[in-house]
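Let's take a quick tour of how helices and strands can be arranged in a protein model. Have the 3D view open while you read.

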Amino acid sequence: MMMDYVIENATLVGQPGRWAIALQDGKIAAVQPTLQVAAHHTLDAQGQLLIPGLVDGHIHLDKAFLLKQAPAQAGDFAEALATTLRLKQQYTLEDIQQRSRTVLEQAIAFGITAMRSHVEVDPILGLKSMEALLPLKNEYQAGITLQLAVFAQEGITNQPGTAALLREAMAMGGDVIGSAPYVDPDPQRNIEIIFDIAEEFDCDVDFHLDFLDNDEPLQLPLVIAETRKRQWQGRVCLGHMTKLAGLPPKRLRAIAAELQAAGIAVLALPASDLYMMSRQDTYNVRRGVAPLHQLAEWGVTVGTATNNIQNLFTPFGDGDVLKIATLLANVLQLGTTAQHEVCLDWVTQQGARAIGIDNYGVEPGCAADLVLLGATSASEAIATAPPSRTVFKAGTIVAQTQLQSQTFWAAAAVG
């Protein structure tokens, strides 16, 4: 059989030697040291690292690049909430789409082949973000799989009409339902309403949870209990979970066991969490990032993601989730080869699993969503987040970025 594509001489994470990967009909047909097959296209990887497509499982397209409109004055969480709420009243379809397009096009170039974006729905914004992002989901599907998570940022019980709007947004084409229970005066009821909607639409659930570093009790037990009650195991993802960073080891291990048993995934969002957490600490400042390495050791599905790009919640970033993996490795002090391989897993296979995407990896039968990095090992990839990348989506090259540089003295010598 004639293959669509054969990638030769690739390095694979954790596998010695060089490998050939055949792609056919949007899937990986074979992975072997050598392949004697004909192909329409052949690419010599020259020893570069081939990984599954990057996954950004938690981002806010409709809030990206708001910093230009409203630079931070205080820089704290309260200001971020209040200013973003004000800006939402001025959103237009064109504005949301323009900012989102920038993120999506950069994401595809970075090698992000799957993404889950939270889409804010409330009485202030109405369904405007859904109306803006639904067309982009279809427009960019050849380069990226985009899940839309209908999201209540401002609460539900304190915002009359929100539950009805959430249901309307799901009926429009939402993929996932979620909220931020910690901003609701009745977090228990907030969580129950989200699960009610999930049952009605047979969809997964995604909460922003236990984000703040105050002394309020964890809301995680409420979500675990509701997951079990609704038999929603394997269909719940939690973003932030910064409070886990402050738990003693014995309690953390007990909670990890409950997360694992309930099939609940956790995504750390270090760019935002490091920026916002522990503002009241005057010395010995806490990091405030969910301890993914410990959760993973205890069997919890984990990953890391971007969350925000250049807004008041996170005034930094360009949407490259591989750079987020580098940041997380720094924060969690992950320095061994094995740990770097795990970090890559968190933004590829594990990241995909966290948002309900299976059949993801560099194995026969998996989707041919792949990235060839300008690196020769996981450690080099994590250390440098190399800009040189060739991106395959469903077996077709959709982006290619190569870094070219010439030093001044070299140019002068040539001249």
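Predicted model: local features only at pLDDT ≥ 70, side-chain atom pairs only at ≥ 80, totals over all residues.

- You'll find 8 strands making up an open sheet, lined up as S6-S7-S8-S9-S10-S11-S12-S13, with parallel pairing.
- The edges belong to strand S6 (54-59) and strand S13 (302-304); each has a single partner strand, so one side of each has no neighbour in the sheet.
- Going from one strand to the next, the twist averages 20°.
- In general, strands of a sheet pair through backbone hydrogen bonds, and they can do so in parallel or antiparallel fashion.
- For a close-up, look at strand S8 (residues 145-152) and strand S9 (residues 176-179): they run parallel and are joined by 4 bridges.
- Ala149, for instance, has Val176 in S9 as its bridge partner.

**Two helices crossing**
- Helix H2 (residues 93-110) and helix H3 (residues 128-139) have axes that come within 9 Å and cross at roughly 40°.
- H2 and H3 are therefore oblique to each other.
- The crossing of H2 past H3 is right-handed.
- On the H2 side, the residues in contact include Leu93, Ile96 and Leu104, while those in H3 include Ala132, Leu133 and Leu136.
- Sorted by class, the H2 and H3 contact has 7 nonpolar, 3 polar and 4 charged residues.

**Helix meets sheet**
- H3 also lies across strand S7 (112-120) and S8, and runs at about 170° to S8.

Key: Residues numbered from 1 in each chain as written. Heavy atoms only, no water. Axes fitted to C-alpha atoms, helices over the stretch in contact; angles between N-to-C directions. Parallel < 35°, antiparallel > 145°, perpendicular 65-115°, else oblique. Left-handed = near helix turned anticlockwise from the far one by under 90°. Contact = heavy atoms within 4.5 Å. Nonpolar A, V, L, I, M, F, W, Y, C, P; charged D, E, K, R; others polar. Pairing = 2+ DSSP bridges.
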